[in-house]
Structure formats: structure tokens, C-alpha cells
Protein chains: 2
Amino acid sequence: MFQFLGEEMPQSTKTAIMIIGGAEDKVHGREILRSFFNRSGSTDARIAIIPSASREPAVIGERYREIFTEMGAKGIEILDIRDRDQCEDPLLQSYVENCTGVFMTGGDQLRLCGLLADTPFMNMVRQRAQRGDITLAGTSAGAAVMGHFMIAGGGSGESPNRSLVDITTGLGIIPELLVDQHFHNRNRMARLMSAIAAHSDRLGVGIDEDTCALFEGDGLLQVIGKGSVTIIDPAALLHTNHAAVAATDPLSISNLRIHLLVHGDQFDLHKRMPIVPALP
Amino acid sequence: MFQFLGEEMPQSTKTAIMIIGGAEDKVHGREILRSFFNRSGSTDARIAIIPSASREPAVIGERYREIFTEMGAKGIEILDIRDRDQCEDPLLQSYVENCTGVFMTGGDQLRLCGLLADTPFMNMVRQRAQRGDITLAGTSAGAAVMGHFMIAGGGSGESPNRSLVDITTGLGIIPELLVDQHFHNRNRMARLMSAIAAHSDRLGVGIDEDTCALFEGDGLLQVIGKGSVTIIDPAALLHTNHAAVAATDPLSISNLRIHLLVHGDQFDLHKRMPIVPALP
């Protein structure tokens, strides 16, 4: 739907929180990364790259630096945080106070949270993103951390069950979301449904590779990219046996609502329904 | 839910249509096969085994013959149909006229339909099953053929899209269903959602291995076995781009309703809702 919102429309420059399902195009159209760049201020952008999820932070940081340099960003810093103490560093904090965009790379979401959760540095990033002062993007592990709860790992190829997903605490950028990434690419529907059975006060958001769920702070989710964003909405949940069964027993869950959204689609987070075009 | 309907209850002996997700237990409790045996008349059962989906029909037919012999069936015939002409054989037809249970094995659902669809033999099996005169079970390929439309093949690991699933015509035992098997075991959620986008007048039923969706003809679906039965209900579908996009484009689908049902759960096919126990 709304295919006309694609190429022809001028790119928005409004700040946003961008949750990217991993493996975003870094070579050809770079649509998602270009959108991040535009929404961070284009040639006025001062971008902070946080590569801390990765075990090769220098390599991956440099990769994104090159991309945003080629696009013409005014300033780029790689905030190579490898120790929680660094999050107290006034220089780091001052850079984040003055940047216009923050990009969190992929890697291991547990590592990223272990380094950043509840630090003054991360609190500032979160608050500035929530206020709409900056554009904050995270891809893969950087996407997984966006909710209050976070999927740390899990499996596939089984009936949904409690042991299929490991849930811990994320960075709480958009607390009400429960995010999964590389979603259909890695067959993660069963694990996200299992997670939602445990946390039915959240909204499940499964994001495919090279696909982005973008939040402008106006209660709208917009989709850009190649794949789909899967919404698992338990608002009308009738019943689940989640609390009553063993960890490996299959889960009974009644009345989940599912939406598959693609490039150009919009989803109203208050009504929890897609904005569907009027019939022709 | 309804766990108390499990072991303690006496096994029903009512005829049923049993759709089994493949890999049903053949060695230990044999719960599903025993249920088929009981519903086919127990020690009075005259069972027809149709191994025609398989490329080794003699081997697989013999396997099931041994199982039902051990259980104590009164009569067992392996109807090893390898040619459509055999379906005209009066001997075969007379056996099916007088049997109490028919079991279709796994293999290749296209092969099974190619041999049996629209033959007098299959028409008789279908009509007797629909009237409740016999119990009809199909596992794996034998399950896939149950609807009017049939999933012949497909893939996983991609955003749902039209090319992810091959749909053809099944045997129409319960025409309104669109069945998939080995469901969560082989990560088939995306392909069944893709199929339902194309056929939103059907009810998607994804059945896990060693799990059975059982229909008694009273408008109730009951679940037995180890895994889950996933219902994908498009009755409240708001929008899909299915008709408008290229075969490999990701599908936009608004407002599917999903239920995961487990052993003992019941689903009202008229109301399209699970029968949920009253709050304690």
C-alpha cells in the first residue's frame, strides 16, 4: 500500500528512531542508511557511531564512517566504548550532547546492553532520541535493544514454547516494543510469538533484513526497505497457558492479531491498526 | 487449556477426519494412531491404508499394517494404488465401501493427488468421510491434500511473498481449510501466510509434527499430540497487496488473526474462536 510514498516523494528530514532488521544495504542504494543520514541533518549531520555490540568495533565502526563520509556528513565520531567506565567520560558525553544522529551497529545485544545500560551516556542518548532532538538508529543487535524487554537469543524449528526464547532487559528506547530482527530471514516467528505470550503488554515487532521500522514520535510506524515488518499484537489476547506449563511444553495462545507491513506502509500505534488506503 | 481432557477421559470412538502434521509417534504411546484406531472401530476396525503418496508404498504400507495389527484391528488392507486405472477396480471400491477407517500416509502430495483426485474411488472415500461413516486420517502429504487448495511446496527464510509457496488443488475433504504440515518444525509460518494472502476465503491450519487437528463434523476442531496447531484466520482481513505486486515482492497483509492450539484445546469453526475455559 502507499507505494506512491516511495522514490518520488522528497526524503523526510524529521528526526526519528529507526529500528533496522540487520544486513541493510551498504553498497547500492543504501536507502535505509541514507534515510538515517538525511534525518540526522544531511550535510550538517554530526553522527556518533556506537560499534560496541561488535567484537570488531574498530572494523565495523570504520565501515559506517566511510559510508557516512561518502554521503557528506559534517562530523563523524566512532564512540568505541569497550568498558562501562568510558560512559562517564565527559568528552564522550559532550559529543553526544552535540550530535544530530546516533547509529548503533550489529554484534551481540547482550554485550551492547552490558556496556551501555543505565549509564549517564546512554541515558542522554535515550532522552535525546525520545525528545526528537536526534535521530537514533540501531541495526541487528542495535535493533534488538530498543524495547524495555529484549530478546537475547533463541531457536527456531519448534512449536512455540517458553524455552524457545531468552528474554532479558534492553535499553528501553521505545519501551512498549518487543523487537526481533533478521526476522523471516531466520524464521523467528515462533520465538517472537513465544516472547509475546510471556509479555502480552508489549507489541511484537519482527523486522526483516534490509528493512526498517521508523518511528517519528507521532504515533506512526513507517516501513522502508526490501522486506516486511511483522506486527504481533496481543491486545485482544483471550487466553494463554504460558504461566501454567513447563518450559518446553507447546504454548496455547488465543487471538493474536498479525500485520505484515512493507515499504511505504504506515501503522497507527495508538489504534494498533495499519493505515489502509481508501478503496479505489 | 482443558488439560483435564487428556489421559483421564475415555477415548472417543466417534468417527472423525484427522489431519496429522507428519512424524506421528509410531513406537511409544502412539497416541494419534491409537486415536485413529479407536475411532475406526477398535478391534472391529476394517482399515484401508493408502500408501500412494510414497515412493516406497510397500514398505510404508507394511509399517502401518504392523501397527494396526498390533493394536488388534479386525481387517487391514493396503490399497497400493500406483495407477489411476486401479481406482476403477471394483474390488478396491468394495473394500472402501465396507471399511471403517482410511489412513493416507506421507510422501509427495502431488503424487497422491495425481493418482487419486476425481476418481470414483476417492469420491467414495471423501463422501463417506464427510458423512461420518468412516474415520479418515492423513499424515504429512496425506494431510496436505485435505483442503480444496493444497500447498504443493515452498520455501522459508524469506519475507512472505507469492513465490514462497506453490498452490494447487487438493482432494477437498474439508474444502475450506488450507493445510500445512511439519509446520513450526520446518518454519512454515511465512509460506502459510503467503498462501492465505492468495486465498483469504480459506482458514489456514498449520500442524506440527506428532500433532493432529481432529474434526468430528460438529464444527469443532480438537487438538491431540505433542506440538501445536496454528490457525491463521483471514476473516477480518483489511487489506493485502497480493494481487498488485510481483511474485517476489514482500506481501503486505493487514489484520490476520492467529491462534496457537495445543493438546486438549478446542476451536469453534463457526465462530472461528477457541473455546476458552471460564476464568477460575
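Which residue of β14(B) does A:Ile253 stand opposite? In this predicted model, the residue facing A:Ile253 is B:Leu260, and the pair belongs to a place where strand β14 of chain A, residues 253–262, and β14(B) run alongside each other in the antiparallel sense, paired over 5 bridges.

Two copies of a chain are, in general, related by a rotation about an axis together with a shift along it.

The contact between the chains involves 36 residues of chain B and 36 residues of chain A. Because 100% of the interface residues of chain B are also interface residues in chain A, the copies meet through the same surface. Together the two chains bury about 2900 Å², of which 59% lies on carbon and sulfur atoms. Between chain B and chain A there are 17 residue pairs in polar contact, counting pairs with both residues at pLDDT 80 or more, while the count of salt bridges is 0.

On the side of chain B that touches chain A, the elements giving two or more residues are α7 (189–198), β14 (253–262) and β16 (273–274), and β14(B) gives the most, with 9 residues. By class, this side of chain B has 17 nonpolar, 14 polar and 5 charged residues.

Notes. Residues are numbered from 1 along each chain as its sequence is written. Chains are lettered from A and ligands numbered from 1 in the order in which they are written. This is a predicted model: local features need pLDDT of at least 70, side-chain atom pairs count only at pLDDT 80 or more; totals for chains, interfaces and linings use all residues. Side-chain values use heavy atoms; hydrogens and water are left out. Contact means heavy atoms within 4.5 Å. Buried area is the accessible area (1.4 Å probe) that two parts lose on being put together, summed over both. A salt bridge is a side-chain nitrogen of Lys or Arg within 4 Å of a carboxyl oxygen of Asp or Glu. A polar contact is a pair of N or O atoms within 3.5 Å; within protein, one must be able to donate a hydrogen and the other to accept it, and residues adjacent in sequence count only if both atoms are side-chain atoms. Helices (H or I, at least four residues) and strands (E, at least two) are DSSP runs, numbered from the N terminus. Ala, Val, Leu, Ile, Met, Phe, Trp, Tyr, Cys and Pro count as nonpolar, Asp, Glu, Lys and Arg as charged, and the others, Gly among them, as polar. Two strands pair if DSSP finds at least two bridges between them.
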